[in-house]
There are 2 protein chains.
Amino acid sequence: MPAALDSAGAPQQQHDLRSAGLSRSSTYSEYLQGFPSFPSHLFASPPAHPHSGTPSPTSRSSSASNPSGSSIDWTREYALERARRAALASLPGLRGVLARLLDASLPWLAVVLTGVCTGVVASCLDVLSAWLGDLRLGACRDMWWMSRGLCCAGLDPGETCRAWRTWGEIAAAEKHVVARALAQYGIYMIFAVLFALTSSAFVNVFAPHAFHTGIPEIKVLLGGYVMSGFLSPMTLVIKSLGLPLAVASGLNLGAEGPLVHVACCICDAVLRLFGTLRTNGARHREILSAAAAAGVSVAFGAPLGGVLFSLEEISTFFPGSTLWQSFVCAIVAAVTLQYIDPYNTGKLALFEVTASQVWRGFELAPWLLLGLAGGVWGAWFIRLNEEWERLRRASGLKNWPVTEVGALALFTAVVSYLIVFMRVPASELVVNLFQDCSGVDPYGLCDSSNTSSVVFLLLVTAFAKTLLTAVTFGASIPAGVILPSLTIGACAGRAVGLVMDQLHKAFPENWIFADCPADGACINPSIYAVVGAASALGGVTRMTISLVVILFELTGAIDIVIQLMMAVMVAKFTGDYFSKNGIYETWINLRNYPFLNTKAEYRRDTVLARHVMTPSNQLVCVSDEGWTVSRLEGLLEQEYYRGFPIVRTEKDRVLLGYVGRAELQEALATIRQVPEVTASTPCFFTPSPRAARPSRSSPAASPSPAPLPPRVLTDCVRRAGAQIPVQLSQDTPMEVVVQMFQRLGLRFVLLTRQGMLMGILTKMVGLHRDSG
Amino acid sequence: MPAALDSAGAPQQQHDLRSAGLSRSSTYSEYLQGFPSFPSHLFASPPAHPHSGTPSPTSRSSSASNPSGSSIDWTREYALERARRAALASLPGLRGVLARLLDASLPWLAVVLTGVCTGVVASCLDVLSAWLGDLRLGACRDMWWMSRGLCCAGLDPGETCRAWRTWGEIAAAEKHVVARALAQYGIYMIFAVLFALTSSAFVNVFAPHAFHTGIPEIKVLLGGYVMSGFLSPMTLVIKSLGLPLAVASGLNLGAEGPLVHVACCICDAVLRLFGTLRTNGARHREILSAAAAAGVSVAFGAPLGGVLFSLEEISTFFPGSTLWQSFVCAIVAAVTLQYIDPYNTGKLALFEVTASQVWRGFELAPWLLLGLAGGVWGAWFIRLNEEWERLRRASGLKNWPVTEVGALALFTAVVSYLIVFMRVPASELVVNLFQDCSGVDPYGLCDSSNTSSVVFLLLVTAFAKTLLTAVTFGASIPAGVILPSLTIGACAGRAVGLVMDQLHKAFPENWIFADCPADGACINPSIYAVVGAASALGGVTRMTISLVVILFELTGAIDIVIQLMMAVMVAKFTGDYFSKNGIYETWINLRNYPFLNTKAEYRRDTVLARHVMTPSNQLVCVSDEGWTVSRLEGLLEQEYYRGFPIVRTEKDRVLLGYVGRAELQEALATIRQVPEVTASTPCFFTPSPRAARPSRSSPAASPSPAPLPPRVLTDCVRRAGAQIPVQLSQDTPMEVVVQMFQRLGLRFVLLTRQGMLMGILTKMVGLHRDSG
C-alpha cells in the first residue's frame, strides 16, 4: 500500500530515520552509508552540477544544452527528435517528400560510410603494425618500407628469402656470432623503446584521450555522458598512429579494444557531414553503437560477435533500428577488410583452430577447472591492475607518463627477448597455441621429448605476461587488454592440455581415460588452449554471449561451443564472486565516470525516493506568478542549473512542469525581440487566462490581473522542448526509481506528493576525467 | 512545454478534437481511427475487463489475482517478490540462512531440472519420430518395435539389411511388381492418414492448447498474459505424443517450434515443485524464458542460438539473471541430448555443411537475390497462411478439425509420393541439399547429365511445399513452420546454385566468372542452399541475429557468416516492406491475443494520453471518506475491476494511491476477524489521523471525526502489496506512455493533472482464444 497515503508523514519518516540511526538533518549520503549495495553516488545532492562554460544563449541544438561533463536526458533528446520529425512531416509537396527520404536514408548512409572507413583504417593499421613489428628484427634490402611478408612475397615455400636481412646480418654480417646476436638484441630493444616513446609522446602531446583502450569511456558515452574531445579527429589520428607503434613496441597490449575507439572516432568524423544525427544526443549514440560493432568486427573478423558485443557489453540502449545499423556497419566493415585483405589469407578468421574437435566426457573436468581458474585469474588481474593504477597516482608516476612507457618498453623487451613465447607477437603465438600438432610447429610446442619444459615455459610466459599486462594497461599509450588475456589464457590452457596428455600417456589404463581410443591420441591440447583463452577473457571482461560468438567466429571451433559456453559461464560466476565489476567497469569507477549500470539489479525495498531526494526547499523553481522577464534573465545568469521545475505558486508548490535552461534562454531571446516586451513584463507559463482555472484549486492562487501576458514565452517554451517531466510519488521505492532511470534513460525525476513538488532526483554527473 | 500547463484545457482540447474531425463525445477508439500506426486496440476503453470466474477471496498469491485471460503487472509482481525477500531477509538465525540459501538456489535447480528433462524428452521424441516414420515404409522382421536404423545396426556398410522389409515385400513378396508397388503405396498412405488422425484426435479431445507451434502463445505469455491450461501436464503429454505422430504422418510441418512449447510445459511441470517460482508471475516468466532457450537448443542442437532466440524473438523482459538461467538451461539440455545421442552421430549439428566454403565476389549478387526472394516469399507465405486461416474460420472448416487434418494428410501423401524430394523426410532432404557432391548422393542432386530436370523438380517441390505448409500450419495438429521454411528455401537456393553452375559451365569465359579458377569447379550449389534456407526462414519469422547463430551452429558454415547475415538482413527488410509482422506476430493478431510488441517504435507526438484515456468520471474509485466495511464489500461484489484508485475525496479527486482487488479482499477478510469491526465501521486509507494533514490542502477535505479508524485495513493493504501506481501527466505524449508500458511492463497508468486523478490507461486484455 502506498506510503503516499501518509499524511504529512513526519512521524513515520522520523521513525524510519531513527531506526536507521540517523536524523533528518543528516545528508542523504550519510543516510545511505547503511545501504552499501545502493548506487547512491549516482544521485547528486544538488539537482545538477554547474557546468563550466556558459552555453551560447541562442542555439537550440541539444549539443548546446548538453555541455561536456554533463549527461543527456534520453527522453528529452527523443522529444526533440519527435519535434524535428513533426516539422519534417509537415513540409509540403515534393520538397517535403525529398527531405523525408533524405532524412530516412541519412543514418544508413552514415553507417555504410563508417563501415567502409573502419575497414580501410583497420587494414592500414594491420599493414603498418606488421611493418613496424618486422622493422625491429630486420629490413628488406633496397626496399626498407616493406614488411617481411611483402619483401619475401612470390617465393616458393621452401626457398630462403634473401631480400630480407636481420639487423644482425646487416650490422655484423661477417663478424663474430656473438657480436651479431648482440647487435640484433640491441637494435631490437632500441626500436621497441623508440616505438613506445613515440606513441606515448604523440598521445600526451596531441590527444590525451587517445590513451588506453577507450572502451570504458565509450560505455559511459553511450550511457549518456557528454565528453568533448574524446571522439575528435585529433584523437582519431593520434590513436591510429599510436596504436601500430604501441603494438610494434612489443608491449603486452592488444589492438582490439582501441579499434573500437577508432571506429567510434571515424563515426563521429563521418557524422560531421550529417548535421541532425550528430546534434541529437540520442541518435548520435545510436549510430555510435553501430560503429562499436564495426570496430569489433574488424578487430577479430567477427561481424556477428561485434553486433553482440555492442549489444551486450557497450550499449545502454539498443533499440531495434540500432540492431540493424550495427548489423550493416559490422558487415560493411568486415567485407571491406576482407576485400583489402591485408593478411593475404582470404579469410577473416584470425586464429583458425585446425584441430579435429573430438572430445571425451572426462575432459569436462579440466575445462571447468580452466573456467574456474580463468575467473580467479581475472579477478586477481583486475585487482592487480587497479592497485597499480592507484600506486601510479599516489607515487606521482602519472606525472611522468612518457618516461613510464619508455621504461616499461625497455623492461618488457629485456624480459621478452629471453623467452621465445614472449618474444613473438602475441597474435602469432595464439595462432600456434590454437593449432594441433599436424602442421608446422615453429616454437616446439609439439616437441614430445620436451613436454615438461614446454609446460614450464608456457606457465612462466602466462605469469610474466600477467604482471606486464597489469602494469601496461593504463599506461599512457593506446592499449587493449583483450589480446593479452587471450594469450595468457591460451598459454595456461595449452599447459593444462599438455599435462593431461602426459597423464594419459603415463596411465593409459586408468579408468579416467577409459573413453580414449586404444591407439594413443586422445587429448588435444589445442582445444584446451581455446577453452583457456575463453576463460581468461571471460574472467577479465565478464562478457558472455558475445565472447562465445567472437571466439566461435575467431576460431571456427564449432563443435566445442558447449564447452566454451560452460567455461565462460564458470569464469564469469567465479569472477563475479570476487567482484561484480569487470575490467571496464573497474576503470569506469577508477576514473569516476558517472555510469548507471543497466545490467545491475537493486533489490531493496526499504529506501524510498523521499529518503534520497533533494527536498524542494533546496530547489530553484520558477512559478506561474511573480516572474518578470528581467527576473528570469537574472535567474539564468545567477544559477547554472540545467533546468527549473515550474510550480503554480511558490507557496502551494503544485507542480506544473519543467523548463530546460536552453529552452528558457531561447524563449526569452525570442520575446525580447517583441517591441512591447520590457524588462518588467510579467511572464506566465500557462497559455490561457488564469481565470479559467477551476475554483476548486487552492485559494492561495488568486487570479492575477495579467495585463499583457507574453504568450510568446509560453509558446516558445512549448515548441522548444515538449518535455513532460517524469513525476513519481515521493514514496516510490528507490529500486523502482533506479529501474526507471535505467530503462527510460532519465536524467532526473521530480518527486511529488498529491500533486505538490517535494523534491528531485538527478543522475549525478561526475567531474571530468580526473587523471591522465 | 507541457500541455499540463493548460488550465482546465477545454477550449484547447476542443480545438484539437475538432481539428481531428471529432467531438469529445465520440469514443477514443473512433478518435484513434485517424492514427492507424498507433496500437490503440491495446488500450482498453473500460479500465479493465471483468473476468469470468470469481477469484478465491482469501488467497494472497499473485496467481489468484491474475486470473486466466488477464495480464500481469510486472511492477506489482516484482513488488510482491521484494516483499517476500524482505520477509526472508528478516528470518533470524541458522533457519534464516538456510532459507535464504535454498531460495537463491531454487531457480538454478529448476533450470537444471528443466534442461535435463527437456533433453530426455527431446531424445525420446527423436527416437519415436524415426520409428514411426520408418513404419510407413516397412517393418523390422520379428522386432516390429525397432526403427530401420536400429534394426539394421551392426551391419557392414556394403551389406544388405535383410532384417528390414518394406511393406511391399511383406504383403506381396512373390507377386507382381505392380502389386508390390501398389501395396507399398497403399500402406504408406494408410499409415500417414492414421498418424495424422490420431495426432489430431489426441489434440482435439484432450488438450486443445497442444495444437500449432505454440510460439505465438509463449510470446504473449512471456509478455504478461495469463493463459491457464496452456502449459498444463496434459498439454505436455498430448503435444509430446502428437508431435512424433504429426511428423511421421509426412505432413509439411516441423517439430522445432513445438519443442519450445514442450520445453515450457516441462518447465511449468518442474516448477510445480517450487512454490514461489510459480506463483510469482514475473519470476515464473523469467524461468520460462530459459526453458524456451532449452527448447531451441535441443531442436537444432544450437544452445547459443537458443539463448539468442529466447532473447530476441520470444522474451519481453530479459534481465541479466535470465540470461544466465537461459545459458545454463540450454547447455544442460544440449549436453543431455548429446549424452543420450539418439542419432548415434556423436554430433549436435543436424545439417552439417561439408562443402568447402570458398566463394567469389560475384556470388554476392545471386545471394542477395536469394535474400530478396526470401523476403518476398516470406511475406507471401504469411499472407497465404493468414488467408487460409480466415477461410477456415469463415467456411466452417474449423468445426471439422480432425477431418481436415485427415484429408490434408491424405492429399499430402498422394502428392508427396510422386516426387522423390517430397517423399523423403524434410530433415533428410535438407541434409542432402546442404552437402556438396563429394559424398553420397542418394537423390541424384549432383547428376550433372540431368541438371535441368533436377532444377525443375526442386522448384516444383518448393512451390508444392509452400502451398501445403500454408494450409497445414494452423490446422489442428502440433506443427512448426521452421523446418518447412528451411526446406523450401534450401530447395530454391540449391536450384539457383545449380543454374549458376550451369551458366558458369556454359560461359566460362564470361567476365562475370573471371574470378573463377580455370579448372572448372567454381560454384558450390550447397552454399546457395544454406543461403536460401536462411533467407526463407528470415522472411517468414523475421528473426535476425538468432537465426544467423542457429544456422551457424546447425551447419558449421563459419566462413559464410557474412553472406548469411546479408541474406537474412535483405530478407528481413524486404519482408518488412510488405508487412511488419512475422508469422508469429500474425498469429498473435489472428487469435486476438493482447501483446505490446516491445520492439515496435511509435514515433507520433500528436496523441496525448488524455486523448486516449478512460476519463476519471467513468472510473470506480474509493476515497478516503465515506466508505464503510460493508460498502467496500459491496464494491468487491458488484465490480470486477482488478483494482481501484484511491482519491482523497470524491469531489476533489486528489490521487492518493491504488489498491488491487486481491489486496483489498485480503485486508477486508483480515479486519472482519477483529471483534469490534462491524459492517458500518468506517474505513480509511490513510494511516495517521486526518488532523495531521497540513492546512494548505484543499478545504473541501474537512477532518472527519473517525471514532474507530480501522488502521488494520490500512496496514493490511500496505503489507499485501506495496504498490505505488505509476502516475503520469495526462498531457504525456502517447508515444512516451507506450514506451513506459513496454519498458517497465506496466498493466496500467493513472493519469493526473496537478495531482488530481484525470483518467486511466490499461493494457487491454483480450478475450481468451477465439478459435481452435
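**View 1. Strand E10 of chain B is covered on both faces.** On one side, Phe748(B), Leu750(B) and Thr752(B) are buried. The model shown is predicted. Strand E10(B) spans residues 748-753, and six of its six residues are buried, so the strand is largely enclosed by the rest of the structure. In a regular strand, side chains alternate between the two faces of the sheet.

**View 2. Four strands of chain B form an open sheet.** Their order is E3-E11-E10-E9, and the pairing is mixed. Strands E3 (614-615) and E9 (727-729) of chain B are the edge strands. Each of these two pairs on one side only.

**View 3. Strands E9(B) and E10(B) run parallel.** Three bridges join them. Gln727(B) stands opposite Leu750(B) in E10(B). Between the two strands, the chain passes through helix H30(B), residues 734-744. This β-α-β crossover is right-handed.

**View 4. Strands E10(B) and E11(B) form a hairpin.** They run antiparallel, joined by six bridges. Thr752(B) has Leu757(B) in E11(B) as its bridge partner. Two residues lie between the strands of the hairpin. Here Gln754(B) takes a positive phi near 50°.

View 5. Thr614(B) stands opposite Ile760(B) in E11(B).

Definitions and conventions. Residues are numbered from 1 along each chain as its sequence is written. Chains are lettered from A and ligands numbered from 1 in the order in which they are written. This is a predicted model: local features need pLDDT of at least 70, side-chain atom pairs count only at pLDDT 80 or more; totals for chains, interfaces and linings use all residues. Side-chain values use heavy atoms; hydrogens and water are left out. Two strands pair if DSSP finds at least two bridges between them. Buried means under 20% relative accessible area, exposed over 50%, partly exposed in between (1.4 Å probe, protein chains only). A crossover is right-handed if, with the strands pointing away from the viewer, the path from the first strand over the helix to the second runs clockwise.
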